[in-house]
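Trainee: I would like to go through the terms used for this model and see what each one rests on.

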Amino acid sequence: MDRSRIRNFCIIAHIDHGKSTLADRFLEITDTVPRQKMAEQYLDRMELERERGITIKAQAVRMQYRAGDGVEYRLNLIDTPGHVDFSYEVSRSLAACEGAILLVDASQGVEAQTVGNAYLAVESGLEIIPVVNKIDLPASDAEGTAMEIADLLGIDPAEVLMVSAKTGEGTEKLLDAVVERVPAPSGEAWMPLRALVFDSTYDSYRGVVAFVRVVEGTVSRGMKIGFMATGVSASVDEVGFFSPDMISCPGLEAGEVGYIITGIKDVTRIRVGDTVTGREAPAAEPLPGYRDPKPMVFAGIYPVDSDAFTDLNDALEKLKLNDAALSFVRENSKALGFGFRCGFLGLLHMEIVQERLEREYGLDLVVTSPNVVYEVEDREGRITHVRNPSDMPDMGTIKEIREPYVRATILVPPDYMGGILELVKERRGIYQDMAYLSGRRVELRCRLPLAEMVIDFYDQLKSRSRGYASLDYEHMGFLPGNLVRLDILINGEPVDAFSVIVERSRAHDYGKRITQRLRELIPRQLFDVPVQAVVGGRVVARETIKARRKDVLAKCYGGDVTRKKKLLQKQKEGKKRMKMVGKVEIPQEAFISALRSGGEDKGK
Amino acid sequence: MRLYIHWPFCRSRCSYCDFNSRVATQSLMAAYGETLVKEMKTWASLIRLGGQGLRSIYIGGGTPSCMSGEEVAALIDAASLAFGLDADAEVTVEINPATWEAGDFRHAVSGGVNRLSIGVQSLDDGALRRLSRTHDALEARRAVASALTSGARTVNADLMYALPAGSEDAFLSGLEEMSGMGVHHLSVYALTLESGTPLQRLVEQGTVVLPREEEAARQYLSAVEMLESKGFEHYEISNFCKPGHCCRHNLAYWRREEYLGVGAGAHSLLGGVRFRNQRSVLLYLRLLKAGELPVCGAEAVAEEEAREEMIMLGMRTARGVPERTIGGTREELRDLENCGLLTISGGRVRLTARGMLVSNAVMADILYRRG
């Protein structure tokens with residue numbers, strides 16, 4: 001197809017602002033999916049995505065459209081993930097497009113993430129088509145929302161299109177606007193191949209399916225190719241596109257979007273952001289912007305039943321096949337037995353992984369409270385990265401601990417500003433500046449330690465603004481903090497699962513909460529058991545589990561022997577479920593509930 | 001061999017009781033008494049006692065003193081006739097204070113009973129009512145006095161601690177009074193909340209509040225201290241005696257010696273097999289009428305299990321258990337010794353009074369720590 005008739009675009013929208021519904025309308029209008037076959041929200045394939053209303057895996061659909069000018073165009077709609085945890089994936093999807101529809105719910109207005117992604121799109125040089133959705137809703141404020149978008153982008157409100165994805169009103173006009181305003185791709189088919197992998201998925205029969213945007217050159221079936229970042233070579237088994245099902249074709253040329261299958265089974269070898277080139281006439285330089293996926297949030301994941309360790313291992317291996325950002329290494333916890341220290345892009349990513357493990361693999365899991373990665377510089381100037389608080393070296397050897405910070409943007413109606421500023425302060429945030437968006441919303445910018453964000457910050461933000469505040473953030477590197485490692489000792493023995501890195505001034509509060517919790521949960525032993533929170537050898541909180549004083553079968557005569565034996569049998573069974581911490585027997589349930597209730601008061 | 005005779009009938013049920021007992025008519029009790037004799041005869045025809053007679057008889061319940069003194073004497077005669085009775089055999093009968101007149105005591109003793117066990121429970125009338133006992137403190141004192149003058153060799157009184165709304169003082173003064181009256185033996189039991197009893201429901205509703213663990217422990221330890229100072233030997237977790245007055249029948253249970261239990265729901269240990277009779281009185285009667293033994297739930301005790309039984313029973317007594325029976329490493333026992341829960345000396349392991357109070361946990365520790 002003539003390159004001038006290709007349009008590659010995506011939809012930027014906040015969760016629930018109607019992206020999937022709009023995509024459904026496009027599929028109908030272009031007859032890509034006949035109306036009667038339309039499963040609701042066709043693009044969100046995973047069951048979990050549908051339930052949570054978010055898109056995890058970007059996809060691309062090719063549509064044929066005869067525009068108002070009577071010419072047939074080929075439209076490639078590239079779907080983007082909607083959550084900040086996946087901002088790198090968003091940026092790669094944007095890099096595969098020339099234009100973006102900025103879709104905003106007329107009843108909700110602009111949200112912080114939408115702003116973030118819109119700026120990202122502008123920076124990537126994309127043509128933005130601003131659209132107000134849900135104009136059919138009685139509660140909608142289409143004019144006000146259009147004003148907000150115009151403010152944000154510095155355009156005339158008249159340029160903002162009005163649609164109702166639900167009723168279809170304005171959607172055909174919107175497709176015409178895509179054809180008119182989004183530029184056709186550049187790049188020539190005869191050049192050395194450079195194709196951007198903007199996403200991948202895993203098919204258990206065929207291996208990794210890479211989603212590619214061919215920027216220059218041509219990729220065709222049977223061709224020998226290489227991935228420039230990972231250095232992996234392969235030959236192309238199949239080339240094709242989605243419409244919306246996989247349709248194989250002889251090749252894809254510069255400007256086109258589709259998929260390639262190479263028979264590679266390992267998703268870590270085909271990375272999002274990598275550049276595909278030809279083995280025979282390779283390109284000199286890869287496309288810009290590749291980054292290794294870098295987990296920022298870590299947590300220990302353990303099976304409740306230690307016999308399920310192998311199952312957990314297998315499940316993680318399988319999940320990893322279509323989630324390159326997930327990392328895991330085996331670890332052994334005194335309290336929880338064998339498990340894994342897992343790395344995630346963010347908290348949502350962590351929740352999704354946990355849920356998939358539980359739902360798809362039927363595992364019952366304990367997840368330690370999440371922590372971030374710390375950069376530790378010792379007195380000799382050596383720098384290490386600590387992913388598990390119990391790996392933090394002795395405080396005496398440390399010169400400085402640095403923790404990851406994010407640049408956060410919060411959009412909130414002025415009425416709730418006070419509460420949000422307070423929250424930011426409580427969470428050790430550093431206020432930067434603020435600006436009014438069309439008088440209805442304040443844009444607050446601040447720096448926050450990521451560690452504070454991974455624990456219920458978002459929930460707090462929502463509850464203190466009656467759900468109106470929205471949040472976007474990006475990582476900004478490591479900053480020094482007054483941090484200490486806090487250990488929990490039961491009868492003098494440290495219990496690794498409860499070690500945390502905390503800000504010095506909060507060590508006492510945290511220690512007190514955990515020790516009290518454990519005192520309630522750990523059954524009384526035959527001797528007094530001290531539970532201590534310790535920072536650098538100093539006890540900051542202490543509780544004592546008093547010894548059991550009376551546990552006796554008063555009568556044991558001829559007829560009571562059998563009964564006593566049954567009692568002992570029960571105790572024997574109970575002991576099997578006990579974990580030993582030194583000489584203290586602790587039922588695993590006690591650890592689990594202490595961890596599940598969290599050291600943190602949710603305070604919602 | 002030793003014989004236990006179960007009398008499952010009571011005048012009324014106590015609020016804390018989950019024992020095999022029931023309230024019955026005179027005619028049912030008469031039929032039951034006849035059937036007991038039949039059961040003993042049947043057993044006597046099956047087992048050889050090797051020329052020796054019974055070394056002890058224990059008539060328990062229920063409330064065996066629902067029988068008259070003469071009826072008890074007749075039961076002892078029947079047992080003696082069936083199995084033979086050693087000249088110095090210990091013969092115990094349990095007595096509810098609200099049942100027997102002085103004449104019953106005399107008849108029983110002249111009929112062979114030499115150990116009388118009185119279910120005093122408490123000398124606090126409020127406490128007795130809360131337990132729905134049929135007697136009051138005065139009747140209890142009278143029964144003990146009658147027992148002491150009946151000519152029986154040993155008189156025991158049962159007393160309970162950790163009672164709802166019961167103070168330590170009331171409990172200790174009850175013990176003191178019993179000791180002052182001259183009883184030779186005291187059994188001191190913690191009130192135990194059994195599931196399905198009326199008392200358990202009251203506790204669940206919050207109508208009745210039981211003392212906390214610490215309070216109950218204090219009452220027990222005070223009792224141990226007081227009774228030892230009065231010359232009682234603390235020879236088993238719940239049992240105290242003046243020298244020479246320990247209950248030989250009960251000691252046999254803790255030493256894992258053989259015994260035959262007759263009557264509905266009675267347990268036996270014979271030839272390394274534990275078994276019991278049918279609990280239902282009617283089923284018991286019917287089976288024996290048909291000429292069958294009402295035995296069920298027989299289980300041969302394997303060697304390892306027998307060792308565990310030796311430990312769990314032996315550790316209840318002051319004599320303790322040989323260290324080699326327990327096995328394992330000295331280290332593990334040392335921990336418990338360091339906690340003041342047991343002592344190791346002369347190759348035997350014994351619980352301390354504090355250790356007895358938490359003996360369930362200590363035994364589980366000894367038996368299964370390495371499991």
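Trainee: Why is Phe211(A) called buried?

Mentor: Buried means under 20% relative accessible area, exposed over 50% and partly exposed in between, with a 1.4 Å probe and protein chains only. Phe211(A) has 1% relative accessibility, so it counts as buried. Phe242(A), at 3%, counts as buried as well. The model is predicted: local features need pLDDT of at least 70, side-chain atom pairs count only at pLDDT 80 or more, and totals for chains, interfaces and linings use all residues. Side-chain values use heavy atoms, without hydrogens and water, residues are numbered from 1 along each chain as its sequence is written, and chains are lettered from A and ligands numbered from 1 in the order in which they are written.

Trainee: What makes the rings of Phe211(A) and Phe242(A) a stacked pair?

Mentor: Rings of Phe, Tyr and Trp (its six-membered ring) pair if their centres lie within 6.5 Å; planes under 30 degrees apart count as stacked, over 60 as edge-to-face and the rest as tilted. Here the centres are 5.2 Å apart and the planes at 10°, so the pair is stacked. It links strand β8 (residues 207-216) with strand β12 (residues 238-242) of chain A, the two residues being 31 apart. Strands (E, at least two residues) and helices (H or I, at least four) are DSSP runs, numbered from the N terminus.

Trainee: Why are Phe309(A) and Phe340(A) called stacked?

Mentor: Their ring centres are 5.1 Å apart and their planes at 5°, so this pair is stacked. Phe309(A) is in helix α7 (residues 309-321) and Phe340(A) in strand β19 (residues 337-344) of chain A. Both are buried.

Trainee: How do you know that the charged end of Arg62(A) sits over the ring of Phe241(A)?

Mentor: The rule asks for NZ of Lys or CZ of Arg within 6 Å of the ring centre and within 35 degrees of the ring normal. Arg62(A) sits over Phe241(A), 3.5 Å from the ring centre. Arg330(A) lies over the face of Phe338(A), at 4.8 Å.

Trainee: Why is Ser132(B) called partly exposed?

Mentor: Its relative accessibility is 28%, so Ser132(B) counts as partly exposed. Ser132(B) is in the loop between α4 (125-130) and α5 (137-148) of chain B, and has a positive phi of about 50° although it is not a glycine.

Trainee: Which other residue has a positive phi although it is not a glycine?

Mentor: Arg256(B), at about 60°, in the loop between α9 (248-254) and β9 (259-262) of chain B. Most residues other than glycine have a negative phi.
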